[in-house]
Structures are given as C-alpha cells and as structure tokens.
Amino acid sequence: MTEHDRALSSVLDTVGNTPLVCVQAGPADVSIYAKLESFNPGASVKDRIGAYMLERLLERGDVGEGGTVVEPTAGNTGIGFAVAAQQLGLDAVFVVPERFSLEKQQLMRALGAEVINTPTDDGMGGAIERAHELADELDDAVVPQQFSNPLNTEAHYETTGPEIYDALDEVGAVVAGCGTAGTLMGIARYAREQNPDTYVAAVEPEGSLYGEFLGEDRSEGEYKIEGIGTHNTDTNELFEPELVDEVYPIPDERAHEELKRLAAEEGHLVGSSAGAASVAARHVASRIADGEIDAPHDSVVTVFPDSSERYLSKGIYGSFEEWSG
Ligand code: PMP
C-alpha cells in the first residue's frame, strides 16, 4: 500500500491508497463516497491490476524478465500495464479496438508500449483473439487476460476493498461499473466478508448485457459510456452473480449529465463510467433513504475509475450530441 510520508523508489509504489471523497448530491440521511482512482500514476483504476497482476505473473514464472505482456484493452488497462511492465522489465503490446480514445493510445506509446488497433466492429472479442495470436508468435509472452484472470478480482480484494474499510467503519452498499467486473467483484467479496448483508449493485450502460447474468431482459445497443458494459457475456468470466443484488443500466444521457454536474458542482473531473456510477450510487442511496433497500448501514461506496482529461478530444464537456463517446 502506498505511503506518501516518505520518498518512494518507483512510480509503482504510488499505485493505490486513493482518496475516498463524499459525493455531496446524495440524500440527507445517506452518505455517498467515491474512490477517486484518477489519483493513481497512470490516472485510472487499472494501475492496480497492472502492478498486482504483473508482479504475480513474474513471481509465478508465467513470464520472465525481458518477456512480453500482450493484452486486449479499452485503454486504461494498457496504461496500467505499460507503467508496470516498464518498471518490472517487461515489453508490452496492446490490442485496442479503434473506437477507444486516442489520448489513451498516445499514453501507452509514451510509456514504451506498442499499440495495435483492431476494427471497432469486431468488438473486444476481436481484440482478445488478436492478442492471443500475437502472443503465440512470441517466445516468452503472457496474456494476463483481465477478462478471465482471477488475479484481476484479487487485486481489488487485496487493495481497493481493504482501503475502503480503512477509511470507513461500516458500508451499507457498494456500487460500481463493470467492464471486466474485477473492480466490483473484488470489493464486493471483501465487503461481504465484513458484512454478508452489504448491498451490491453493478452498473452498466443501457445497451449492455450484464443484466442477463441476473436473468433480466436486456436489448443490445450501442452506447457512448467508455470502459464499462458488455456485448458478449461469454467473455466476462469474472462476474459472480451471487455477489450482486442488482444491475443498473444507465442511459448515456444520464451519465453525461452527471459527469458534467460532478465537474461543475463538486470539482470532480471524471470520465463517463464515473458519471454512470454516480447516477446509480445516488439512486441506491435514495432507495436506502426511502427504506426500499434494506442495507446494513446508511452509506454507499462507489468508484470513479478515471479522469475526463482522457476524453477531451471526444468533446466530453460539450453538448450530449457533441460528445462522440
Ligand atoms: N471505467 C473505466 C474508464 C475503465 O477503463 C474500466 C476498465 N475497463 C472500468 C470502468 C471498469 O473496471 P473493471 O474492468 O474492473 O470492471
């Protein structure tokens, strides 16, 4: 865990121990707190799995020093893995569907990684397939496989979860967006160990299919929110339905409105997945306040995964129509 009261030997030592800050727009009787993951060195929640997973993979001998990490990623994971790979003596290659933000791809390259684009229409599935093909062509390469590797969930169980409970004595509900679902699953598993009645809500964009895991009807559609959601639940092997009470589908417009409100009123410069998480967290808080959800405590914890600066070229602070998503 990060300690900021002494000099650190590497930027990797600054991963984690991010601030937990009150979201002021909640109902009077229920507090909402957001874990601000843009405080990580690569400015997103994914720095946690970059450091944690690569350290474990090296320890286990799944890859040796001088070997290569190949990963399909929407971008933030690439940045997190690129920082960790560089510091741990590994090469890095990332396979990124074209639609994802250019800022992220520039940052991966600046950190020394190679970036390969796959067609947007092939989705994350296409990127996953290409990553495995590339790894097969290399001598000592590992695909950490954030979508299926339990180390992803473990990173959050070992760091994000305990950090939340270091800051708060009790937590009523945990609300977080699901891309790979590693963040939510790791926190939820830790939270349920502290109190088995902790309410857990997943967040997805409207048009994503995570709700199907809980037997809910979903119709597939495009969405602008970046970093969460799925079009193919077969690839989301980390999602554990028994740890989740509810899956909230959030429309793009609501997430966009909320991320702009968070900047204008609360000083949070966050991306669209944080906007979606905040909408859902406020909804859960209102339902706890109204007695509709029987949570063990009057508090809700959510995660703001990254910063809006990563999406300025997509017009994130423009009108909803101007935001290209
Ligand atoms: N928000 C953003 C911006 C992300 O990049 C990610 C990671 N895909 C998430 C949320 C979701 O995190 P996880 O993969 O742990 O579910």
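1. Starting with valine 95: once neighbours within four places in sequence are set aside, its contacts are Pro72, Ile116, Thr118, Ala127, Arg130 and Ala131. Contact here means that the C-beta atoms, placed from the backbone, lie within 7 Å. Valine 95 sits in strand β4 (residues 91–97); strands are DSSP runs of E with at least two residues, helices are runs of H or I with at least four, and both are numbered from the N terminus. Valine 95 is buried, as 26 other C-beta atoms lie within 10 Å. The cut-offs: buried takes 20 or more other C-beta atoms within 10 Å of the residue's own, exposed 12 or fewer, and partly exposed is in between, with C-beta atoms placed from the backbone. From valine 95 to alanine 289 is 194 residues in sequence and 44 Å in space, C-alpha to C-alpha.

2. Some ground rules before going on. This is a predicted model, so to speak of local features takes pLDDT of at least 70 and side-chain atom pairs count only at pLDDT 80 or more, while totals for chains, interfaces and linings use all residues. Numbering runs from 1 along each chain as its sequence is written.

3. The chain splits into domain 1 (11–39 + 159–322) and domain 2 (45–142), with bounds from an automatic or database domain assignment. Their centres, taken over C-alpha atoms, are 24 Å apart. Domain 1 puts 22 residues into the contact and domain 2 puts in 20 residues. On the domain 1 side, α5 (150–167) and α6 (182–194) each supply at least two residues. That side divides into 6 nonpolar, 11 polar and 5 charged residues. For these classes, Ala, Val, Leu, Ile, Met, Phe, Trp, Tyr, Cys and Pro are nonpolar, Asp, Glu, Lys and Arg are charged, and the others, Gly among them, are polar.

4. Where does the ligand lie? Both domain 1 and domain 2 give residues to the shell around the ligand, so it lies between them. There are 19 residues around it, and Gly179, Thr183, Gly227, Ser273 and Pro305 come nearest; a residue is near if its C-beta atom, placed from the backbone, is within 6 Å. The shell has 6 nonpolar, 10 polar and 3 charged residues.

5. On to the largest nonpolar core: it has 95 residues, and Val175, Val203, Ala280 and Val284 have the most contacts inside it. Such a core is a set of buried Ala, Val, Leu, Ile, Met, Phe, Trp, Tyr and Cys residues joined through C-beta atoms within 7 Å. Helix α8 (residues 272–289) gives the most, with 9 residues. Both domain 1 and domain 2 give residues to this core, so it lies between them. Not counting residues up to four places away in sequence, valine 175 touches Ala201, Val203, Ala277, Ala280, Ala281, Val284, Val300 and Thr302.

6. Two backbone spots to check. Most residues other than glycine have a negative phi. Asparagine 17, not a glycine, has a positive phi of about 55°; it lies in the segment before β1 (20–23) and is partly exposed, with 16 other C-beta atoms within 10 Å. Alanine 181 also has a positive phi, near 80°. Alanine 181 is in the loop between β7 (173–177) and α6, and counts as buried with 28 C-beta neighbours inside 10 Å.

Conventions:
Contact = placed C-beta atoms within 7 Å.
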